[in-house]
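Open the structure in your viewer and keep the selection panel at hand. Each stop below says what to select and what is there.

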Amino acid sequence: MTLNLTINGVRVEAEEGESLLDVARRNGFEIPSLCHHEAVAAYGACRLCLVEVTKGGRKKLTTSCNYEVLGGIEVVTESAAIRRHRAMVLELILAEAPESATVKALAAEYGVTRSRFAASGAGEDRDGCILCGLCARVCAEVVGANALTFRKRGDNRQMGTPFVEEPQTCIACGACAWVCPTSCVGFDEQNGERKVHRWKRSLPLAKTEKGHAFAPQFQLFHFRKLAKLEADFYKKAPGER
Amino acid sequence: MELSRVDAIIERNGSRGASLLAILQDVQDEANYLPREALEHVSKRLELPLARVYAMATFFQAFHLEPRGKYVCTVCMGTACHVRGAARLVEQLERDLEVKSGGTTKDLQFTVEEVNCVGACALGPLVIINGEYHGTMTADRLTKTVEGLKKAEGGTR
């Protein structure tokens with residue numbers, strides 16, 4: 001069913017079940033976000049996609065990524081109050097990830113260049129993670145490896161692997177490093193080995209017939225299973241076929 | 001903990017994801033903590049990722065991944081107890097038992113922990129030892145109580 005709503009005074013159409021963030025972006029309205037990714041379910045962790053929704057005469061601030069659109073709502077994506085809220089959120093995020101170029105650039109757009117807050121945790125916990133959980137959601141929903149999880153809660157909450165050990169179900173595909181909004185996972189390939197730094201996972205790269213190495217054995221196995229490929233499919237590298 | 005005991009607990013609660021919390025509670029009741037082998041076994045039996053079992057086991061304060069003492073000494077740190085010197089009681093326990101708050105003695109006899117308020121403010125400062133409430137506690141009396149427990153343990157050996 002098609003729904004009608006207004007965003008910043010403009011009438012737009014949406015399908016039932018769509019998220020407000022998707023509808024707004026499709027119609028060209030910019031809303032910042034860090035924890036959202038089209039490949040996984042909305043989570044509402046970073047709080048940057050806050051917008052103002054008026055429904056039945058009542059206004060409220062809400063995250064747009066996990067707000068399912070309704071007919072007749074009026075949405076405002078940008079106002080002094082919204083900017084103030086986002087600036088506050090960005091100041092908190094900046095405290096956790098002061099080195100992240102993405103966060104710094106976004107914060108600067110909202111006039112935040114330094115944070116009055118201290119990062120939570122100490123020592124190696126201060127690693128630029130903003131606890132958005134995107135890595136774990138991608139690992140569970142897209143990869144299906146379920147190697148990552150939040151542990152503990154409140155101000156002790158951390159992202160990591162079960163028992164804080166090298167995760168046995170991790171295939172070192174690097175999806176977590178790719179989606180991480182603050183680039184705090186870290187990932188490299190050296191000497192025939194792929195390493196995912198933050199989870200301390202390293203796997204040897206499988207070699208093709210010609211001795212080229214391009215992905216770890218577990219990841220190739222995963223691909224072969226997903227795409228129902230022949231067992232010897234990766235004996236040849238993509239360029240060798 | 002024998003894995004057959006974990007199996008029995010799983011049978012009792014139902015082998016499905018929704019029973020995870022109840023299963024972990026029962027495991028902790030029996031073993032007095034959540035042994036790693038038990039968590040791994042539950043993950044396998046329920047066909048849940050270990051990450052999910054681990055997340056739940058670390059989320060709730062009621063769960064412990066390390067063995068706990070035979071006697072758990074919980075010092076209330078609520079406002080009323082705090083102003084009546086609860087912090088000194090924690091220090092006293094730490095000194096007497098040679099263990100940091102939150103830790104367990106090497107012989108697995110005593111665990112010292114803090115709780116933020118148990119709602120028995122009129123009894124403050126309050127120390128709970130294995131569910132028994134000891135109100136208007138003093139450092140002196142706490143030492144004696146702990147000595148008494150140590151002696152009772154020594155006597156049974």
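The tour goes through a predicted model, from its cores to a sheet and then to a single threonine.

**Stop 1: the main core**

Select A:Leu34, A:Leu48, A:Leu148, A:Met159 and A:Trp199. These residues have the most contacts inside the largest nonpolar core, which has 43 residues. Now colour four helices of chain A: H2 (80-96), H3 (101-109), H4 (134-143) and H5 (175-179). Each supplies at least two residues of this core. Which helix gives the most? H4(A) does, with six residues.

Zoom in on A:Leu34. Leaving aside residues up to four places away in sequence, A:Leu34 touches A:Cys46, A:Leu48, A:Ile93, A:Thr102, A:Val103, A:Leu106, A:Ile130, A:Leu134 and A:Pro181.

**Stop 2: a second core**

Move to B:Cys81, B:Ile128, B:Met137 and B:Leu142. They are among the 22 residues of a second, separate core.

**Stop 3: the four-stranded sheet**

Back in chain A, show S8, S9, S10 and S11. They form an open sheet in that order, with antiparallel pairing. S8 and S11 (213-216) are the edge strands, each pairing on one side only. From one strand to the next, the twist averages 30 degrees.

S8(A) covers residues 187-190 and S9(A) covers 193-196; four bridges pair them in the antiparallel sense. Select A:Phe187: its bridge partner in S9(A) is A:Val196.

S10(A) spans residues 201-207 and runs antiparallel to S9(A), joined to it by four bridges.

**Stop 4: A:Thr161**

Select A:Thr161, in the loop between strand S7 (158-160) and H5 of chain A. Is A:Thr161 buried or exposed? A:Thr161 counts as buried because its relative accessible area is 4%, and the cut-off is under 20%.

Where does the side chain of A:Thr161 reach? The backbone oxygen of A:Glu165 is 2.6 Å away from it. Finally, show the neighbours of A:Thr161, again without residues up to four places away in sequence. A:Thr161 touches A:Ala147, A:Leu148, A:Arg151, A:Pro167 and A:Trp199, and also B:Tyr54 from chain B. A:Leu148 and A:Trp199 were both on the list at the main core.

Key:
Residues numbered from 1 in each chain as written. Chains lettered and ligands numbered in written order. Predicted model: local features only at pLDDT ≥ 70, side-chain atom pairs only at ≥ 80, totals over all residues. Heavy atoms only, no water. Core = buried A, V, L, I, M, F, W, Y, C linked by side-chain atoms within 4.5 Å. Buried < 20%, exposed > 50% of the residue type's maximum accessible area, 1.4 Å probe, protein only. Contact = heavy atoms within 4.5 Å. Pairing = 2+ DSSP bridges. Axes fitted to C-alpha atoms, helices over the stretch in contact; angles between N-to-C directions. Polar contact = N/O pair within 3.5 Å; in protein donor to acceptor, adjacent residues only side chain to side chain.
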